[in-house]
Protein chains: 2
Amino acid sequence: MKIFFAGSIRGGRQLIPRYQYIIRFLKSRNYTVISEHVAAEGLEKVEATTTEQEIYEKDATWVEESDCVVAEITVPSIGVGYEICHAAKHKKPVLCLYETGANASAMVFGNTTGYVSAKAYSNKEQLEEIILEFLDKKE
Amino acid sequence: MKIFFAGSIRGGRQLIPRYQYIIRFLKSRNYTVISEHVAAEGLEKVEATTTEQEIYEKDATWVEESDCVVAEITVPSIGVGYEICHAAKHKKPVLCLYETGANASAMVFGNTTGYVSAKAYSNKEQLEEIILEFLDKKE
């Protein structure tokens, strides 16, 4: 199963260690993460050598080629919001994870497309449980 | 012409005066702004009396019923990103405005749907010129 992981890039990089944790966890369970770069330190430098169109096309295509999307939405991000909508449009189940207390968007919480769900977590154990529950339903 | 204005709500409210300025400008030129609430002080309290599903449905429907979308993307926001994608999906031209130097998303800058454009502004005169140029093309 191929998973597109979505996290903030230009919206703010303060949660990189969390993104890395989620990706490592997914890989440890033998899932393929097709957007591992999202959690890479220094990604901004790599992106600087790529055109904006190339980044857009690659991300949009990866979402379309994925089986589902796992998004960390604690840090607000235009790109993550766009990717969630793009995934729903292509009928991909999207799990949106956020720290308990984070005030995330009604476009996620109130989403009625049937493809987008949101769950709060307070610690790593809870984070892992939520992810596994989502992925178990998919298999 | 009906315009959906998009700005950050839960992503951060620091640009409310800018959102108000843009909406006032659009209305002064006799455009109808169907999401004027985005720039309302105390919106969070109003939203608290509405279900998340109602907010989602209202916003999604308003985007679909608009002729075009004007989005201020300087403050990162999952909701604004979602609305930009939703608008492009429904073939609505989207103008994304951002302060010169703001590092906005490649999903906007590199967007190849043909519906999304982005322009930086440094002052109010420039902001008004960019908006009028976009709307003139539409009429």
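Which residue follows α1(B), and is its phi positive or negative? I looked this up to start my notebook, keeping in mind that the model is predicted. The residue is B:N30, and its phi is positive, near 70 degrees.

Entry 1: I went back to helix α1 of chain B, which covers residues 16-28. The helix has 13 residues and reaches 18 Å from its first C-alpha to its last, close to the 18 Å expected at 1.5 Å a residue.

**Entry 2: its buried side.** I listed the buried residues of α1(B): B:I16, B:Y19, B:Y21, B:I22, B:I23, B:F25 and B:L26. A handy rule is that an α-helix has 3.6 residues a turn, so residues three or four places apart point the same way. Next I asked what these buried residues pack against, and found β1 (2-6), β2 (32-33), β3 (68-72), β4 (94-99) and α6 (124-138) of chain B.

**Entry 3: the cores.** I then looked up the largest nonpolar core, and it has 46 residues. Those with the most contacts inside it are A:I73, A:I84, A:C96, B:I73, B:I84 and B:C96.

Entry 4: I picked A:I73 and left out residues up to four places away in sequence. Its contacts include A:V80, A:I84 and A:C96, and also B:I78 from the other chain.

**Entry 5: the two chains.** I superposed chain A on chain B with a rotation of 180 degrees and 0.0 Å of shift along its axis, at RMSD 0.0 Å. That is the relation of a two-fold axis. I also noted that 100% of the interface residues of chain A are interface residues in chain B too, so the copies meet through the same surface.

Definitions and conventions
Residues numbered from 1 in each chain as written. Chains lettered and ligands numbered in written order. Predicted model: local features only at pLDDT ≥ 70, side-chain atom pairs only at ≥ 80, totals over all residues. Heavy atoms only, no water. Least-squares fit on C-alpha atoms with pLDDT ≥ 70 in both. Contact = heavy atoms within 4.5 Å. Core = buried A, V, L, I, M, F, W, Y, C linked by side-chain atoms within 4.5 Å. Buried < 20%, exposed > 50% of the residue type's maximum accessible area, 1.4 Å probe, protein only. Helix = DSSP H or I, 4+ residues; strand = E, 2+ residues; numbered from the N terminus. Expected span 1.5 Å × (residues − 1).
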